[in-house]
Amino acid sequence: MQVKLLSVTPDAEALIARCARISHRSEDKASPEADRELIRKLIRWGHESVLEFAHAVFLIEGISRACANQLTRHRLASFVQESQRYVDVRDRNLVKPPTLQGELWEKTSSLFSQARLLYEELVEEGIPKEDARYVLPIGTETRLVMCANFRELRHIIRLRGSRAAQWEIREVARRMLVILKEHAEGVFGDLEVEA
Ligand SMILES: Cc1cc2nc3c(=O)[nH]c(=O)nc-3n(C[C@H](O)[C@H](O)[C@H](O)COP(=O)(O)OP(=O)(O)OC[C@H]3O[C@@H](n4cnc5c(N)ncnc54)[C@H](O)[C@@H]3O)c2cc1C
């Protein structure tokens with residue numbers, strides 16, 4: 001899978017802190033260190049609404065439709081997903097779960113190849129792609145763009161980065177977190193994705 005940052009609010013921590021300081025007329029206290037400290041305090045106190053002023057947009061590729069279904073349950077994020085109605089997906093791969101190894105993976109891959117051949121045949125017979133796709137399994141790879149504010153991203157990473165979540169979405173959460181920490185350590189530094 002690939003998780004790529006397409007866009008992030010520039011100077012996100014300065015913006016969040018500036019907005020937060022409006023309430024106490026304390027804009028004169030701004031500095032990178034003071035801003036970060038303030039953000040950490042706000043998070044500890046549960047005053048997370050100011051995190052909504054900053055956003056990030058990710059391009060996530062090579063994840064299964066199973067994983068995409070899980071991600072798109074997050075209602076405060078915005079998504080665009082590659083359409084299987086309009087795009088011919090005959091060259092898409094099957095995402096490999098780490099538990100499927102050896103002969104079991106061989107069997108799974110072979111079944112997927114048959115499904116993909118049937119998909120190709122159906123499309124060539126004139127069946128609309130939106131119907132031909134019904135033969136493809138939930139492990140077929142897809143791609144999507146996701147936009148969310150920092151508060152929602154913290155929520156998604158906490159939920160989906162926990163061991164209770166599935167390995168694939170946990171990996172998405174882990175990769176997003178690595179990128180987000182580079183841009184806003186004060187906002188995301190307290191989060192970890194469990195191995
Ligand atoms: C480990 C795990 C297992 C899961 N298993 C299943 C499963 O078996 N079946 C299933 O259907 N789903 C399952 N889910 C999905 C889960 O039920 C949620 O739909 C998903 O995690 C999105 O969470 P959310 O609603 O908190 O987040 P978001 O939709 O991202 O919303 C963020 C927050 O905004 C607030 N919010 C959003 N919308 C509303 C609203 N309408 N009213 C009030 N507050 C709102 C809530 O505080 C919410 O936590 C699972 C999730 C996890 C992490």
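Lys4 has Leu59 in E2 as its bridge partner, a handy way into this predicted model. Strands here are DSSP runs (E, at least two residues) and helices are DSSP runs (H or I, at least four), numbered from the N terminus. Local features need pLDDT of at least 70 and side-chain atom pairs count only at pLDDT 80 or more, while totals for chains, interfaces and linings use all residues of the predicted model. Residues are numbered from 1 along each chain as its sequence is written.

**The sheet**

- Four strands make an open sheet: the 4 strands follow the order E1-E2-E4-E3, with antiparallel pairing; two strands pair if DSSP finds at least two bridges between them.
- At the edges are strand E1 (2-8) and strand E3 (78-81), each of which pairs on one side only.
- On average, neighbouring strands of this sheet are turned by 20° against each other, direction ignored; such angles run from 0 to 180 degrees between N-to-C directions, and axes are lines fitted to C-alpha atoms, for helices over the stretch in contact.

**Strand pairs, one by one**

- E1 pairs with strand E2 (residues 55-64) in the antiparallel sense, over 6 bridges.
- Besides the Lys4 and Leu59 pair, Ser7 has Val57 in E2 as its bridge partner.
- E2 and E4 are also antiparallel, and 9 bridges join them.
- Along that pairing, Glu61 stands opposite Arg143 in E4, and His55 has Asn149 in E4 as its bridge partner.
- E3 and E4 run antiparallel and are joined by 4 bridges; Gln81 has Leu144 in E4 as its bridge partner.

**Helix H1 against helix H2**

- The axes of helix H1 (residues 12-22) and helix H2 (residues 32-45) come within 9 Å and cross at roughly 65°.
- That angle makes H1 roughly perpendicular to H2; angles of 65 to 115 degrees count as roughly perpendicular, under 35 as roughly parallel, over 145 as roughly antiparallel, and the rest as oblique.
- The H1 and H2 crossing is left-handed, meaning that the near helix is turned anticlockwise from the far one by less than a right angle.
- Glu13, Ala14, Ile16, Ala17 and Ala20 in H1 meet Asp35, Arg36, Leu38, Ile39 and Leu42 in H2; residues are in contact if their C-beta atoms, placed from the backbone, lie within 7 Å.
- By class, the contact of H1 with H2 has 7 nonpolar, no polar and 3 charged residues; Ala, Val, Leu, Ile, Met, Phe, Trp, Tyr, Cys and Pro count as nonpolar, Asp, Glu, Lys and Arg as charged, and the others, Gly among them, as polar.

**Helix H6, the sheet and helix H7**

- Helix H6 (residues 150-160) lies across E2 and strand E4 (141-149), running at about 130° to E4.
- H6 also packs with helix H7 (residues 167-183) at an angle of about 140°, their axes 9 Å apart.
- That angle makes H6 oblique to H7.
- The crossing of H6 and H7 is left-handed.
- From H6, Leu153, Ile156, Ile157 and Arg160 meet Ile169, Arg170, Val172, Ala173, Met176, Leu177 and Leu180 in H7.
- The contact of H6 with H7 has 9 nonpolar, no polar and 2 charged residues.

**Around the ligand**

- The ligand is surrounded by Arg73, His74, Arg75, Leu76, Glu152, His155, Leu159, Arg160, Ala164 and Ala165; a residue is near a molecule or strand if its C-beta atom, placed from the backbone, lies within 6 Å of it.
- The shell around the ligand divides into 4 nonpolar, 2 polar and 4 charged residues.

Technical notes:
Two residues are in contact if their C-beta atoms, placed from the backbone, lie within 7 Å.
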